Protein chains: 2
Amino acid sequence: MLKSILENNENYQPGLSIDCVIFGFHDNQLKVLLINTPHSERWSLPGGFIPIDQDIDTAAVTVLNERTGVEGVFLRQFSTFGKIKRNENHFDNEALKHLDISPELGKWLTRRFVTIGYYALVDFSKILPNPINRNEIVEWIDHKEVPELILDHREILDKALDTLRVELNLMPIGYNLLPEKFTIPELQKLYETILDKKLDRRNFLRKITNIGILTKLDEKKSNVAHKAPNLYSFDKEKYDEVLKDGLYQGW
Amino acid sequence: MLKSILENNENYQPGLSIDCVIFGFHDNQLKVLLINTPHSERWSLPGGFIPIDQDIDTAAVTVLNERTGVEGVFLRQFSTFGKIKRNENHFDNEALKHLDISPELGKWLTRRFVTIGYYALVDFSKILPNPINRNEIVEWIDHKEVPELILDHREILDKALDTLRVELNLMPIGYNLLPEKFTIPELQKLYETILDKKLDRRNFLRKITNIGILTKLDEKKSNVAHKAPNLYSFDKEKYDEVLKDGLYQGW
């Protein structure tokens, strides 16, 4: 895969890559999809290069789709990372040898790379982590237990999470992270997990109801011991409207 | 300038540029610094390339500094633009000829470029638009009267303004856009100009005071016919604190 890209490197933007921070919600944990590559002991974000005939946003969708198998998810560019030495010495001669790549062919890879960061919110239950290279391990890892990452991927992940937390104040969230029917406590738990703090139950109920994106269903959650909580779904039309206009009340 | 970059193009990241949207506030107008280049009838944002030995953020500071002569201003990366054909046919043979650049040398320039957008807020009164190329015209233009721009620069400008409007809800603004001493009505006018809407005087006063970044001075505005309004300045320490932490109250 990598080798064939290098052999056809004129078909890719030089010195430019894409890295995706893919978030999923499961078991009250915010998980991140990470990859363990054969030539490194450390983990990395799923990433890829930019075909010369693809918009950068399309290339990001391709990376996401290759890794998760899902389409039409929430994907957003959040920042571009371009410190001078960010990938210096990442592919040393030993790594290239391990990948069966000649130093000559490896030159395209070892030059300075700037990378464009995207983050995605996906429905954990629909995703099958999808290794595209032999020997690769692809895993959902709790964002609080992320192991050491290659390059500046830790910085990229942190920035993605910061952005997600800020954007929680600007737009509705949950559509790609929760099952179709959910309870208010489940939605609150999602917010609490992303923000990593407890929220007041009444305040949350009031704020989330005021946004006007929830539909109360004529159904109660089953398998619940005590008082069964109501089930809700998102009013997708209103949700998309608010997503477009933003939910901040502003000045 | 451009020619010497092309002659030493191995010193620059290939296919990657920077464009700066530089905002200034003057005469109750939000102005944008634009350039009219000799080889085009249309105007453009000030931009530049990325020296191989500079971080992208440093390269952006360099562009801003070359164009405005100021340092230490508010500068923020907001988005990267990478549609496939965004710079297709921009430098045609005629344009290259006009710039005294051979087709061979021009190849580096005519390939696909992705550009990283930064926006800056600068003190209009301190800036002398600074043309670095002969025959260039550099001008402050009211953002409502921006003429036709090259490439996707209109899209970049619009996105910068959208970002600025959203960030007005996330952080304090004004430090780089107003004189050291100002009145509340002047600050309100800045917000109204950026948001392009009238704000309620009392609400604005309450909200802006609650942020806790203003120092009321023991001075009144002179040259004012009726009741002279109080002068204020920013408490820079608190301002920077809020800038760092964000002013959204959040969930």
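Two residues are taken to be in contact when heavy atoms lie within 4.5 Å. In this predicted model, 37 residues of chain B are in contact with 37 residues of chain A. The area buried between chain B and chain A amounts to about 3100 Å², and carbon and sulfur atoms contribute 57% of that area. Between the two chains, 19 residue pairs are in polar contact, counting pairs with both residues at pLDDT 80 or more, while the number of salt bridges between chain B and chain A is 0.

On the side of chain B that touches chain A, at least two residues each are supplied by β1 (12-26), β4 (47-51), β5 (74-81), β6 (114-122), α6 and α7 of chain B. The largest share, 5 residues, comes from β1(B). By residue class, this side of chain B divides into 22 nonpolar, 9 polar and 6 charged residues.

Backbone geometry was examined at two loop positions. Most residues other than glycine have a negative phi. A:N28, although not a glycine, has a positive phi of about 55°. A:N28 is found in the loop that lies between β1 (12-26) and β2 (29-36) of chain A. With a relative accessible area of 43%, A:N28 is partly exposed.

In chain B, the residue B:D196, likewise not a glycine, has a positive phi near 60°. B:D196 lies in the loop between α6 (184-195) and α7 (201-211) of chain B. The relative accessible area of B:D196 is 43%, so B:D196 is classed as partly exposed.

Technical notes
Residues are numbered from 1 along each chain as its sequence is written. Chains are lettered from A and ligands numbered from 1 in the order in which they are written. This is a predicted model: local features need pLDDT of at least 70, side-chain atom pairs count only at pLDDT 80 or more; totals for chains, interfaces and linings use all residues. Side-chain values use heavy atoms; hydrogens and water are left out. Helices (H or I, at least four residues) and strands (E, at least two) are DSSP runs, numbered from the N terminus. Buried means under 20% relative accessible area, exposed over 50%, partly exposed in between (1.4 Å probe, protein chains only). Buried area is the accessible area (1.4 Å probe) that two parts lose on being put together, summed over both. A salt bridge is a side-chain nitrogen of Lys or Arg within 4 Å of a carboxyl oxygen of Asp or Glu. A polar contact is a pair of N or O atoms within 3.5 Å; within protein, one must be able to donate a hydrogen and the other to accept it, and residues adjacent in sequence count only if both atoms are side-chain atoms. Ala, Val, Leu, Ile, Met, Phe, Trp, Tyr, Cys and Pro count as nonpolar, Asp, Glu, Lys and Arg as charged, and the others, Gly among them, as polar.
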